[in-house]
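Visitor: I would like to go through this model with you, one topic at a time. Shall we begin once it is on the screen?

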Amino acid sequence: MSKSWKILAIGILACVLVLALTPYVWILLTSFKGRLDILSTQPTWFFMPTFANYPAVFIDKEYLPLVFNSLVISLGSTVLSILIGAPAAYVFARTDFAGKEDLFFFFLTTRMAPPIAIAVPLFLFFTTIGLTDTIYAVVIAHTSFNLSLVVWMMRGFFAEIPKEIDEAAMMDGRSKLGAFVRVIVPLAAPGLAATAVLCFIMSWNEFLYAFILVAFEGRPLTVGIPGLITPHGTLWGQVAAVAVVATLPIIVFTFLVQRHLVRGLTFGAVKG
Amino acid sequence: MAVSFKEVTKRFADGTVALDRLDLGFDLGEFIVLLGPSGSGKTTACRLLAGLEQPSSGRIEIEGRDVTNVPPRFRGIGMVFQNYALYSHKTVFENIAYPLRIRKVAAAEIERSVKDMAELLRIAHYLQRKPAQLSGGQAQRVAVARALVWQPAICLMDEPLSNLDALLRLHMRTELNRLHRKLDKTFVFVTHDQEEAMTLATRMAVLKEGRLVQFDEPKTIYRRPANRFVAEFMGRPAMNTIDGVVKGGIFKAGAVACAVDRPDGPVTLGIRPEQIEFMASNAPAAMTLTVDVKEAIEPDTLLIFQNAGGQAITLRTQTNCDAIEPGQPVSVSFPKQALHYFDAATGKRVE
Amino acid sequence: MFGDSSRLRMLITAPALAAFATLGIAGQAGAWTLEEAAAPYKGTTIRTIGEALPPLEAMKKLAPEFEKRTGITVEIEMYEASETASKVMLDLNSKRGRYDFILQQHRNVGKFVTNGHVEPIEQFMTSATLRDPEFKPEEQLYQGLWKEISWYGGKAYGFPFTALTMYAWYRSDLLTDAKEMDGFKAKYGYDLGPAQDWKQYRDIAEWFNRPDQGLYGTALQGKRHEALWYEWLNFLYSFGGDMLEVKSGSECGPVIVNSPQAIAATEYYKSLMAFSPPDTLNYFWDDVMALMQQGKVAELIMWNDATYAVAVDENVSTVVGKMGFDIVPQGEGGKVAQVEGWSYLIPTASKNKEAAYLFIQWMLEYEQQLNQHLNGGASARPDVYASAEVQKLPYAKASMASNEVAKPKPTIPQASEMTDILVRELSSYLAGEKEAKAALDESAKEISALLGACAPMKYPVQ
Amino acid sequence: MTKGTRPSRGQFLLDRGASMPLILPAALLVLVFLVGPFYYMVYTAMTDLSFANPDQKGVFIGFDNFRRLVREDAIFWGSFWRTIRFVLVAVSIEFLLGFALAWLIWRYIERQRLLTTLLLVPMMLAPVAVGLIWRLLLQGDFGMATHYLRAVGLLSQSSAVFSSPGLVMPTIIAIDVWQWTPFVTLIILAGLMSLPRSPFEAATMDGAGPWRQFTDILLPLMRPIIALVLLLRGIDAFKEFDKVFIMTGGGPGTVSELLSIYAYRVNFKTWNLGYGAAVSFMVYLVVLIMCSVFYKAVYWKSADQEARP
């Protein structure tokens, strides 16, 4: 491989990176712009930053609790998805039983139904059992659609751990369940973290179920964003501020577990 | 009997029968080796004893207690796995201490037991390392230490040496022998390596296709193989078995002809390579065979003869064979006291 | 206000109104007070939902006063318009009764009433304990407006929350600029001024359309969005067209959306695209308002409730003091305007209907109405418009004039489906996918099929 | 000597038959909250249920909705084929571009972690936010992207992206490519990194050039992962909704009305739930067929092998 090819490759990748990130950088800049700077025909890259957008939306418009709501919903559904999904994934990774692969495929198909189709029936169902407008409803909804993701990813992570580790733990005095909880789960921790982060992101970014199932006071950030598009003008600065706040934690999380994230998604297709 | 398998059968979901009505019993303090080629059911027997698998039928008892359906952790058995199965996220110390921690042993006691065990297995220097930083031999010792640290009555080892290189294997073999003598525990050791089996076992069980073929002391198994399978399995190289016919006290098969104490009829003759003797060509018991291949494994030499009917006969000797070349005829004899006889149809040993 | 038809309906409903009035007077005997009426509901919480608009924000600021007097807590949920509609539909259809009253566009009333989702208001107005004798909607509200947006099938279901309307906005500074006036007269042969008819409107748009100077003649809300439909209605009505040939919004009748007038209006509407900025097919109200705030548009037709942010608020607008407002230009249909009413409605599933009624009644008092109006609402009380403060607003005149001539819109259950069809077809036409006639013919066909036997096509399509 | 004690019944449960209790909660949750509503949807699709029209109370009408949908609904078919085209074009471009980028990173970049993390940013943004970001960037008057597109002559001064019917779908595809190519890149990269060396060395010894090595060895080895990435992207692209809805609402006209947007309109604008369920079901059906074909053809086998080490 010659040096000049390498430089060319780095050049191309740098361009791609710039293209990939510019929109986000622009939103970041926009969140510090006043309305006139935002609406100026000539794109302004340098300007007098204003910090007014953040307090305007988070304090005056009372969007701060929405960050909290987003956190509660996402954390809740992530914990629940992992608690319920990981054991199932473990069974898929370890036990052979009739129709296993069909059941596995069935779990995957649950991702295929368009949310729009499920949303209204789900709303009516939750209303019947009296859970609409509570945070439980959306946590459960997010959990059920995240399950397929957990089962998919964690099956791979568990299959990677030799079966003998479970058995060693059992010989050392653990029960079957104990071996899973005390030994396998800690061993799969990086994969578990990556899966959890992806669940968190899915839930954090989700709009439709959150909109339909959660009450006004419990609505998360995504549901709050359209509220800034008003007949008297879209408050772009505030939209940008919300977008920035809504994405920063995700970027940080992603950075932390990036390697396992990609590995987890490719399990089953890639060996090792 | 400390441990006994009673009519134990294991049938897997796909229909394969891994163990077929196994009956086996042994005492505490023994070093039992389960020996057999792959697919013989030896590992299954070991896992059934561990409780990692449930038998399809039959009973397993430990000290008279039926443990057939008892989970592993209530059986008082330690186990060493072929791939060590160390907990990669824990230090060596924690790996070894783990069974004690589960049993809620006091911290000071854990410290002492782990130290002792590490001392015994010569891994005291590595206690703070992670498994990834250990060599194969070290990892193996950690696995053994973990299996033994909580003083189980029985310690199972499933082909524990097969992932080690040849030298280390020899070394570990000696270590295990030493350990067994010192700890006075029951060891159950699974291997397909007859040499390991011979050196370690107080008694060994030879399995074939899920059935117990012979269970006895190593020297008995070597000296009096219960059937043709055991005979062909044991020894390096394995025993020569020659199908032939006895007529008037003389066994004949191709170029082979020797005096036997057998009635007339077909029989399989067995003789260990090292027990074939060179003989002057004019001696009465001598037969002449043609050398096909010569293999020098100093200080020994293997001479492989091709007998009529395609059966090879191997001779092992310490005599200097420099002068012998392939294609050359050699005169040998089968001493009568070295001969084994097996039923031509069933392969069973006949006296 | 609605000509003969509304007078006719006045006659029909007069006896009912008289009955209300009588009962109201009867209840007056024991000096009614809000505190007393609200006493049984002290400590309850009533909840409502509406689009995040200035009048709702104003209501949110007023509510604590009511809470202080009655001990009834008012919770207000504010969403984006279509989010509001979805939330309300789900709540009503699940009959869970989260909302004690709702604020909805009048074209949804039919849908709610025919499905039994909202309570007739009569029961509360005839209750001596609830009805404030001072509250006389039959006198204090614009009768036509009230009936159009809060009644259905001869029954009242609520009261107007706000009556939005659209009128023409223009840059008075440009229209009075001497140089422009001279140039305009030289080219078009008449004096430059606020457009009175559609020819003038187009001439002005053409005259001021100077993209190289960052100024456009007009700005159309051409995105595939309800905004397009609302804007188009101004043209349709003014050209003498309509969607259905009916007297009131709650009736079903022949489809006339593909009448020659409608086609002419639609074609004229598209012709203005030439003087609208390049991205006009991506605009809805939000975008054109931003353009106005930056002084990039000479004239357009826009909502009254956006006026404050453009004509008054110097923090966000560069054209404060440079704006003029007038009723939309006249065509074959004469002076018309399209009014968009939001009503207070009480769901049948609500558990606190009485408390909700008390709050609505209180909100309709003069003080609250005035406050709301000054903060961007549009009251249904004529006396509010008479106040000096309201008169001072630059758009007061245009607003009132438009209210006077507002035309009814369909409020039948299928109204939103009709809108959806029209938005799609109009957008298709603007995008050049089909001709105006083809788009409107298709609309007529679909609307007729949607409404069934009561709505034959007056201008049949093959 | 530590002796085993006798297990109690509870302990017994912990040890035996533990797999069913472990999988049951997951299966139950999915059954109750996804499959239940799904069957309700399927049932609804066979009724005339409408939240708007009081005459449509949800009477069972068999397959009438489907018949109408398939036989008479030109808009449905328009959006159906538009969606198919969108999926094919967008996913192909994402795949080719993503593969090329992954290959470049694999060959030339040693320290990948920061790069790959930054590349993940577009796909991690909330779809709602992505739609709004691009609406802002491509706004015809003050959009930053519009400005630069005009400056370099890709867009005429007198036009804007979302107002030019011919440009709308290409733009939406470009944005989808922007958002999802990095995802393809990362997955392909993971695949490339896990490739064994020996087949390539063997091929070199056999005299295969770089191109032959690519087509004869690399591509076949990458087959499962290519299938996986096409499958995941295919499903998501077919369900694409938020971005397009916020950016264009399906317009101008119907040029960007994808199936999911049509389904949304029928369900949430006109509240024609019976018919809407039929539309939704068709979306599901197409995705399911797509998946089954892929899964059976490529993934199933390798998953089976994976499960039995």
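**Helix packing, domains and chain contacts**

Guide: In this predicted model, the axes of helix 13 (residues 260–271) of chain C and helix 22 (residues 436–451) of chain C cross at roughly 130 degrees and come within 9 Å.

Visitor: Why is helix 13 of chain C called oblique to helix 22 of chain C?

Guide: The crossing angle is roughly 130 degrees. Angles of 65 to 115 degrees count as roughly perpendicular and those over 145 as roughly antiparallel, with the rest oblique, so helix 13 of chain C is oblique to helix 22 of chain C.

Visitor: And is the crossing left-handed or right-handed?

Guide: The crossing of these two helices is right-handed.

Visitor: Which residues make the contact?

Guide: Helix 13 of chain C contributes Ala262(C), Ile263(C), Thr266(C), Glu267(C) and Lys270(C), while helix 22 of chain C contributes Ala436(C), Lys437(C) and Leu440(C). By class, this contact has four nonpolar, three charged and one polar residue.

Visitor: Let us turn to domains. How is chain C divided?

Guide: Domain 1 of chain C covers 4–164 + 340–407, and domain 2 covers 165–338. Their C-alpha centres lie 31 Å apart. The contact between them takes 23 residues from domain 1 of chain C and 22 residues from domain 2 of chain C.

Visitor: On the domain 1 side, which element gives the most?

Guide: Helix 20 of chain C does, with five residues. The elements giving two or more residues to that side are helix 1 (4–27), strand 6 (158–171), helix 20 (396–404) and strand 10 (406–407) of chain C. The residues of that side divide into 12 nonpolar, seven polar and four charged.

Visitor: Now the chains. Which pair shares the most contacts?

Guide: Chains A and D do, of the five pairs of chains in contact. Chain B and chain C, by contrast, have no contact joining them, and their closest C-alpha atoms are 50 Å apart.

Visitor: What does chain B do with chain A, in numbers?

Guide: In chain B, 20 residues are in contact with 15 residues of chain A. Strand 6 (77–80) and helix 2 (92–102) of chain B each supply at least two residues of the chain B side, whose residues divide into 13 nonpolar, four polar and three charged.

How values were computed
Residues numbered from 1 in each chain as written. Chains lettered and ligands numbered in written order. Predicted model: local features only at pLDDT ≥ 70, side-chain atom pairs only at ≥ 80, totals over all residues. Contact = placed C-beta atoms within 7 Å. Domains from an automatic or database assignment. Helix = DSSP H or I, 4+ residues; strand = E, 2+ residues; numbered from the N terminus. Nonpolar A, V, L, I, M, F, W, Y, C, P; charged D, E, K, R; others polar. Axes fitted to C-alpha atoms, helices over the stretch in contact; angles between N-to-C directions. Parallel < 35°, antiparallel > 145°, perpendicular 65-115°, else oblique. Left-handed = near helix turned anticlockwise from the far one by under 90°.
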